Amino acid sequence: MSLDAVRSRAEEALRGVYTGVEEGKGFVAFRVPAERVVEAAEALKSAGFDHVKSVTAVDRPKEGVIEVTYHVSSYSDPELARGIVGITVSLPRDNPRMPSLSRIWVSAEFQEREVFEFFGVVFEGHPDLRPILLIPPLAEKHPLRKDFIVKEEQVYKGGITKLEQPP
Amino acid sequence: MSTLRSREARAGPPEEGRLYVGNLDAAARRARELLLGKMKLGKLVDWGTAFSLWPVHFTTSCCGCEFAATWSPRFDAERYGALPWLSPRQTNLIVIEGTVTKKMGCALRLVWEQMPHPKFAIAMGACALDGGIFYNSYNIVRPWEVVPVDVFIPGCPPRPEALARAIVELQRLIREKGVASKWIEEGEREDKPAPIPKEDLCSWWRG
């Protein structure tokens, strides 16, 4: 019930911009082309969605895309605070670049830095695009991409394994 | 007059075994020889250090709860003379409570360098031993690659008794091996030198 109001407000703001809608529990996401994402963000901001709750990304190597999702909501409008609206952008995996939304929503600034270091998405126009959680040589490897391989757990097959001992 | 002259005459050339205060350097050297050589001041230093192990807070993970419980009234680790302190400059023990990420490894080494010697380290929990559940993570360091660790506590997380036991073990280590007095005498710890981390952990910090 409450999500319908949020959804209709967001649909009204994004009319003509979005290309698809996905809906979950308490959550509705609008798919937006990368070149129109600033326009969509400004429309949502003027409709009352005043902050970004999270910026996240999904790596889909088979389709060759990285999907960046902004979750926005509102503090000032109690009606809009009942649901979360997402903007999903698909970017090419070999050169993921999109305009930064941290000018429009300031709370996106650090989270865009996180997506930058973990997925390698470059946000054009970001005021300070540096790694935030990882050390710089590690951030260049983009550890949350699917092609970053971590050491797997092995099955113990008996015998004495040689471990690296602390000095 | 006669007593004064006789005292002057007795003074004569400097004698072995007496303390002269005219030359401060010589007097200090002599006092050090007397105290450390004959009166076993080293043992006094070890005894004093063992009962004033002040740990600095370095809570990186959930083991910090057990650390807090150790100093709560029930387990009361302050009876061993250990008092948690905020500033690393007034402490001589660091309890590494849990996972240390690469960026935190830089902070760990910086805190360690700020502490005055003789100083000791306790690694607490499975994560501090060998990574724990984050054993294959790309973003952790083993604390023993960053600072020289004296006592390891296994467990996930260890009980407060285990941490109290580690403090008692460290006290035993200091008093039996004379770690603190040797460290003061020689100026560095030769049996456990500070390791050099494999990679540059502080590159982010210099910009």
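Which residues in H1(A) are buried? In this helix, A:Val6, A:Arg9, A:Ala10 and A:Ala13 are buried, a residue being buried if 20 or more other C-beta atoms, placed from the backbone, lie within 10 Å of its own, exposed if 12 or fewer, and partly exposed in between. They cover an arc of only 95 degrees around the axis, which puts them on the same side of H1(A), the arc being that of the directions from the helix axis to the C-beta atoms.

This is a predicted model, in which local features need pLDDT of at least 70 and side-chain atom pairs count only at pLDDT 80 or more, while totals for chains, interfaces and linings use all residues. Residues are numbered from 1 along each chain as its sequence is written, and chains are lettered from A and ligands numbered from 1 in the order in which they are written.

The face of H1(A) turned away from the buried side carries the exposed residues A:Asp4, A:Ser8 and A:Glu12. Helices (H or I, at least four residues) and strands (E, at least two) are DSSP runs, numbered from the N terminus, and the buried residues of H1(A) pack against these elements of chain A:

| Element of chain A | Residues |
|---|---|
| strand E2 | 27–31 |
| helix H2 | 37–46 |
| strand E5 | 84–92 |

In chain B, the axes of helix H4 (residues 63–70) and helix H7 (residues 160–177) come within 8 Å and cross at roughly 70 degrees, axes being lines fitted to C-alpha atoms, for helices over the stretch in contact, with angles from 0 to 180 degrees between N-to-C directions. The contact (C-beta atoms, placed from the backbone, within 7 Å) involves B:Glu66, B:Phe67, B:Ala69 and B:Thr70 of H4(B) with B:Pro160, B:Leu163 and B:Ala164 of H7(B).

Definitions and conventions: Two residues are in contact if their C-beta atoms, placed from the backbone, lie within 7 Å.
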